[in-house]
Amino acid sequence: MMADTVHTAETTAREYDIVIVGGGPAGLAAAAAAKRAGNDSILILERDHELGGILNQCIHNGFGLHTFKEELTGPEYAWRFIQQVYDLGIEYKLNTMVMDISEDRVVTAMNREDGMFQIRAKAVILAMGCRERPRGALNIPGYRPAGIFSAGTAQRLVNMEGYMPGKEVVILGSGDIGLIMARRMTLEGAKVKVVAELMPYSGGLKRNIVQCLDDFGIPLKLSHTVVDIEGKEHITAVTIAEVGPDRRPVPGTEERYTCDTLLLSCGLIPENELSKAAGVELSPVTSGPVVNESLETSIPGVFACGNVLHVHDLVDYVSEEAARAGENAVKYIQGLGEAQNEGAADPAAEARRITLIAKQGVRYTVPSTIDPEKMDDLLTVRFRVGDVYKDSYVSVYFDDERVSHMKKRIIAPGEMEQVILQKSKLTGAGIRNITIMIEKE
Amino acid sequence: MIYDVVIIGAGVTGSAVARELSRYEANVCVLEKGEDVCSGTSKANSGIVHAGYDCQVGSMMARMNVRGNELMGQLAEDLDIPFKRIGSLAVCNDKDRMNDLQALYDRGIQNGVKGLQILNREEALEIEPNLADGVVAVMYAPSAGIVCPFRLNIALAENANRNGVEFRFNTKAEALCCDEDGIWHIRTNNGEYLTRTVVNAAGVYADVFHNMVSEKKIHITARRGDYCLLDKTVGNFVRHTVFQLPTKYGKGILVSPTVHGNVLVGPTAFDIEDKEATATTAEGIDDLTAKAALSMKNIPMRQVITSFAGLRAHEDGHEFILGEVADAPGFYDCAGIESPGLTSCPAIGEYTSGLIRDALGLKNKENWIGTEKDVLDPSALSIEERNELIRKEPAYGTIICRCESISEGEILDAIRRPLGARSLDGVKRRTRAGMGRCQAGFCSPRVMEILQRELGLPMEEITKSGGRSTIVSSRTKEDA
């Protein structure tokens, strides 16, 4: 259904207003929004052989409830945006790897047809997505045999390549992809024996625990981890054990499971090697760029959206965020024409800037700063908490004054939270800091 | 057919001996139980080219280490092996152990190590800023270096093969004996091999073969070492190979850059009975984390991308056992090759092949070719050169491993070259595809597809590292 060749009006063109790095849900939505905002010089660079990104392997449904008010599969959801890109005549290059982004927005990329080439962009939108935390980074003791996969790799093998990793499965980590794969592998005839989660709470959405584990009778063992992997050539068994509050295994709680497959779903890491090399400031909490209200990074004209910015639970929010990044990139380029050097170096803007502070259970906020002049009338601030909070309040403080106090029955790390700020309340109010925190009462 | 030499083991020692023997007119064959070269002890080590100061004065180990270090520069150039002479530091954390540091210095001088210096803390910090607060002094050895252990092993084997040495993979030597005519019979899972001489380069199993033929028994303990490898983003954390003062278990935990820009922390030292037990343990990783902190401060252990364990072939006398076995004429040991074995391998090759050349009266080969080229590294090319390459070979324009920026062209080269890759690990060790921060999460399905195409095998037979290490079990919706 998608073109598999390079699709550009003129491959020798080496200047674009907007270069979008990544043709997944974030890049597609950013491109469509930028085009609709009036920019005609947009190029998407995608490393895979089709647009759509990771959605192409997410063949389960549940996508698009917020955006389209219907339940779509991943490829269907992606297709809605790919179609927009086609219809809007936005240029893209497939099988194209971005090798470097310079601080002055020269993008170096490579593919078979064009070789290595450079594009000077007025604005760059980072939309590279994220990767899974591999086994090595988890320091799981034991052998290193075949049969250990990150859940997303297994998902690609099963859903796109049509191969089964194995028939007896243990899953470590309860991230959403792991939960989805528990169901997928079960439907494909495998026996999923257990899902072990190091933390006392799941890293995934509640609805996935119900629909992917509970409905299939797959046990979820919270506060458990893998303490040994057996099998020199191919995995034959794993041992899991309970962990104490220090997350260290409790001796005597070991249970051995024979298996031929171990799937890991232990966290996603925004892929910011290019951003980092370009000099974009990254948050140590999200591993994504630090951005302002316009989703602009520390480098003027470089924007970020989607999972490269912070890992999302729902693609709907990715699309919405990415559209804002696309619109803001267009605004930025328009601004370049009107006033030279507006932005970071502008002392008036400096004076207006509000810093968002995440504390008391709130791990981070996106964005990190707000210029009330530049924000939309309503600005969604997204964040995650570091623990499970029951019957607690999400509080928002403008400097020392509490302006919002929302009761929530449950707030969990696996579900992204948000507060909405109104431009009218921030403009000219002289606010220095906005603090978001969790309060018991 | 009767070979002149059969070498047991295609690790770095066996391959070095094979490469040196390939200079002569002789029929040489290497038997390897794994599916590839470099699949035992040689694949999991520190990749350090040691200066040679800590070996016992007058030992074979000291001699081979210093000579190996001397030979490494030229060898690396000839065989296109990544090698950097970055120097090493041995740190002293205790004012009361300054005598030990001095003793190490003196031993180094006696071993013929050049350029050694003892530096006080301030001097040391100038060249290595992240040394731990407790470090009081260091010994600097400028001749130490780092090398890619995979490429070293693979290049030696490739070069031997280019010059006529045969390699038999998945071929495990099981028993051997010598007949009345002085011909050695080696029984393997793939038939019997006859040879005039045998080189025992069997790593942790070298004692097993030695003890089959000699009354003078030796004993090799598998000494496990756990390592952690850190991401390239923290590659500038350390500039030299930083050792601790040696103990009876070896050179202690080192912190070192790798030749590819990662940081390596390890190894631990646990003596074990099982010669296959390359499993890491939680204790091991904890132990190395704690001990490494004695040399370097604030090691970014959050950036660990993988941990692994290797086995050193530790001989009870902590000495290399080289040369013809007295009561087994024609049987040559390369046993007890633990650290500094990697450094020493060019010297062990030179020494062992010299003995065999003299014993068999081998003549120089006229058309011996002493050079090899590594899998082409396009990142070393200019944009123009790279585009020329992509025009000729478009596969160099498709990136398969995004973390290490490895193209399809490089992977095809790794598979198609002599003794080419047959598995994901084989591709990884030749190209680094899959060796980066995502640890093959993204590229393994694509590398599998390339292997399948090139080798003409079904996906179900593509392996991680040969044997039973298959990656997928069946098509979906099919019974296994």
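Modeller: Buried means under 20% relative accessible area, exposed over 50%, and partly exposed in between, with a 1.4 Å probe and protein chains only. The structure is a predicted model, where local features need pLDDT of at least 70, side-chain atom pairs need pLDDT 80 or more, and totals for chains, interfaces and linings use all residues. Residues are numbered from 1 along each chain as written, chains are lettered from A and ligands numbered from 1 in written order, and side-chain values use heavy atoms, without hydrogens and water.

Biologist: Why is F167(B) called buried?

Modeller: Its relative accessible area is 9%. The limit is under 20%, so F167(B) counts as buried.

Biologist: What makes F169(B) partly exposed?

Modeller: F169(B) has a relative accessible area of 22%. That falls between 20% and 50%, so F169(B) is partly exposed.

Biologist: Why are F167(B) and F169(B) called a stacked pair?

Modeller: Rings of Phe, Tyr and Trp (its six-membered ring) pair if their centres lie within 6.5 Å; planes under 30 degrees apart are stacked, over 60 edge-to-face, and the rest tilted. Here the centres are 6.1 Å apart and the planes are at 20°, so the pair is stacked.

Biologist: Why is the pair W184(B) and F331(B) called tilted?

Modeller: The centres lie 5.6 Å apart, and the planes meet at 50°.

Biologist: How many helices and strands has chain B?

Modeller: Chain B has 12 helices and 23 strands.

Biologist: How do you know how compact chain B is?

Modeller: The globule rule is 2.2 Å times the number of residues to the power 0.38, and the radius of gyration is taken over C-alpha atoms. For 480 residues the rule gives 23 Å. Chain B has 22 Å, so it is as compact as a globular protein of that length. Its C-alpha trace spans about 65 × 60 × 45 Å along the principal axes. Of its 480 residues, 61% count as buried.

Terms used. Helices (H or I, at least four residues) and strands (E, at least two) are DSSP runs, numbered from the N terminus.
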